[in-house]
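User: I am new to this structure and would like to learn how to read a few of its features. Could you take me through them one at a time?

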Amino acid sequence: NASSVSLADAAYVKISEGDFGYVLDDVPHLVDHLPDAPTYPNPLQDHPAYSTVKQYFVNEDDTVPQKVVVQKNSRRGVHFRRAGPHQKVYFESDEVKACIVTCGGLCPGLNTVIRELVCGLAHMYNVSKIYGIQNGYKGFYSSNYLTLTPKSVDDIHKRGGTVLGTSRGGHDTKKIVDNIQDRGINQVYIIGGDGTQKGAYEIFKEIRKRGLKVSVAGIPKTIDNDIAIIDKSFGFDTAVEEAQRAIDSAHVEACSAENGIGLVKLMGRYSGFIAMYATLASRDVDCCLIPESPFYMDGEGGLLQYVERRLKENKHMVIVVAEGAGQDLIAKSLSTSEQQDASGNKLLLDIGLWLTHKIKDHFKSKKIEMTIKYIDPTYMIRAIPSNASDNVYCTLLAHSAIHGAMAGYSFTVGNVNGRHAYIPFYRVTSTRNKVKITDRMWARLLSSTNQPSFLSQKDIDEAKENDRTANKPPLPTGLSHHVAN
Ligand code: ATP
Ligand code: MG
């Protein structure tokens with residue numbers, strides 16, 4: 001019953017099966033929309049650059065499906081609102097007061113997104129009041145707001161990092177919304193990772209609670225590509241490309257020594273996408289270790305045995321390891337006091353160093369000469385400017401965010417199956433995107449490296465079971481909620 005679905009609640013539509021294909025249930029809103037319909041004509045309709053485009057505005061009811069391939073008799077699943085410019089907009093250009101904030105760790109492309117938000121607002125929608133919040137969420141209430149203009153952001157996309165500064169912590173929802181309210185800001189653009197998007201959802205809920213006419217647009221940032229739903233996060237391509245340069249160096253080092261091993265640690269605390277794609281791209285890698293796929297060191301079929309075999313066959317090898325891989329192995333090999341710092345905090349366990357020592361010790365005990373070179377390019381990768389393809393992606397993300405905010409929506413923006421979509425906040429924060437070791441891509445990797453899979457039948461069964469449960473779409477939290485059916 002579609003009429004029982006209220007604004008933010010109808011985050012996804014259910015598809016019911018008809019005799020001939022599938023019928024889309026009539027659900028009014030896929031992401032939250034401000035009360036009242038947008039009334040102003042979109043200024044883009046008079047923009048000379050867009051006058052030749054056949055159908056420039058998106059249809060209010062267009063959706064983007066999360067699943068493209070649908071198996072016989074299975075549901076088509078979740079759809080999201082298609083992103084793009086709307087015929088009618090919610091805000092008049094001169095009443096818009098927009099602000100932009102970046103939070104969390106660095107990622108290639110942050111400056112490109114900032115630049116395109118500013119230029120897009122100014123050039124497409126004639127918005128002139130655009131502010132930069134400094135150093136993350138706490139900047140809402142502790143720093144001056146910067147005035148941003150197309151001129152002031154003109155060449156920032158050529159630099160790494162974020163010109164606005166960033167931080168962790170400091171999210172005080174009430175104080176942030178107080179400042180948004182006091183300064184009359186009505187569009188908030190929030191660029192950041194999973195934590196940041198959770199923060200954006202809190203801000204959004206507080207804004208609704210106070211009945212403010214403010215759009216909140218999240219642009220997800222994660223170099224690890226671990227944000228759910230979306231195809232790929234910005235900066236990921238750049239990261240993979242730069243990671244490959246590290247792998248190339250490791251390969252040169254390995255080839256230049258007898259029994260040489262090059263070991264590269266890449267980003268990926270929970271998801272091994274960078275390691276997987278860099279490995280697939282490079283073809284020089286003999287073994288790729290990621291958090292999603294458990295492995296073991298000793299005995300038949302273990303990593304050390306494989307390393308020995310590869311060196312015998314090839315005289316050199318390259319290993320790529322994601323930072324979150326094998327954490328259980330390190331923890332097991334250390335005492336509790338070694339796992340904590342002086343104040344009892346959990347120490348970050350460096351899998352790269354640990355593997356280096358383990359492999360060295362192994363060959364030493366067998367009296368086999370070898371050399372291992374360990375490369376950790378993490379901070380170099382995070383800090384570079386985005387490459388060409390990420391620059392284009394960042395631009396499109398920024399434009400989609402602007403179109404959605406102008407139309408009065410609050411959402412996280414992202415590519416879903418190659419189409420830009422507006423996704424409810426909680427959908428991207430309640431789960432994490434992980435490499436599915438039961439999917440074809442991981443099988444492709446295993447066949448390209450020829451490494452053992454390290455998995456027992458129990459591991460494989462567990463992975464398949466996890467896939468099944470991970471497919472259930474989560475429901476929003478903290479909002480009154482009815483599900484259409
Ligand atoms: P990354 O981990 O990719 O570097 P992130 O956005 O996850 O990026 P965090 O440091 O976790 O980085 O969070 C960024 C900001 O979001 C911080 O200011 C933090 O206070 C805020 N934040 C994190 N989690 C929440 C939450 N559950 N609710 C509200 N705010 C949050
Ligand atoms: Mg995070």
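Predicted model: local features only at pLDDT ≥ 70, side-chain atom pairs only at ≥ 80, totals over all residues.

Analyst: Two strands are said to pair if DSSP finds at least two bridges between them. Here 4 strands form an open sheet in the order β14-β15-β13-β16, and the pairing is parallel. Because β14 (287-289) and β16 (371-375) each have a single partner strand, they stand at the edges, and one side of each is left without a neighbour in the sheet. From one strand to the next, the twist averages 15 degrees.

User: How many bridges join β13 to β16?

Analyst: Strand β13 (residues 260-266) is joined to β16 by 5 bridges, and the two run parallel; Leu 263 stands opposite Tyr 374 in β16.

User: How should I read two helices that pack together?

Analyst: Two packed helices are described by the angle between their axes and the distance between the axes. For helix α7 (residues 303-314) and helix α9 (residues 351-365), the axes come within 11 Å and cross at roughly 65 degrees. Angles of 65 to 115 degrees count as roughly perpendicular, so α7 is roughly perpendicular to α9. The residues making the contact include Leu 303 and Val 307 of α7, with Leu 355 and Phe 363 of α9. The crossing of these two helices, α7 and α9, is right-handed.

User: What caps the N-terminal end of α11?

Analyst: Asn 387 does, with a side-chain oxygen that lies 3.3 Å from the backbone nitrogen of Ser 389. After α11 comes Gly 408, whose phi is positive, near 95 degrees.

Notes: Residues numbered from 1 in each chain as written. Chains lettered and ligands numbered in written order. Heavy atoms only, no water. Polar contact = N/O pair within 3.5 Å; in protein donor to acceptor, adjacent residues only side chain to side chain. Axes fitted to C-alpha atoms, helices over the stretch in contact; angles between N-to-C directions. Parallel < 35°, antiparallel > 145°, perpendicular 65-115°, else oblique. Left-handed = near helix turned anticlockwise from the far one by under 90°. Contact = heavy atoms within 4.5 Å.
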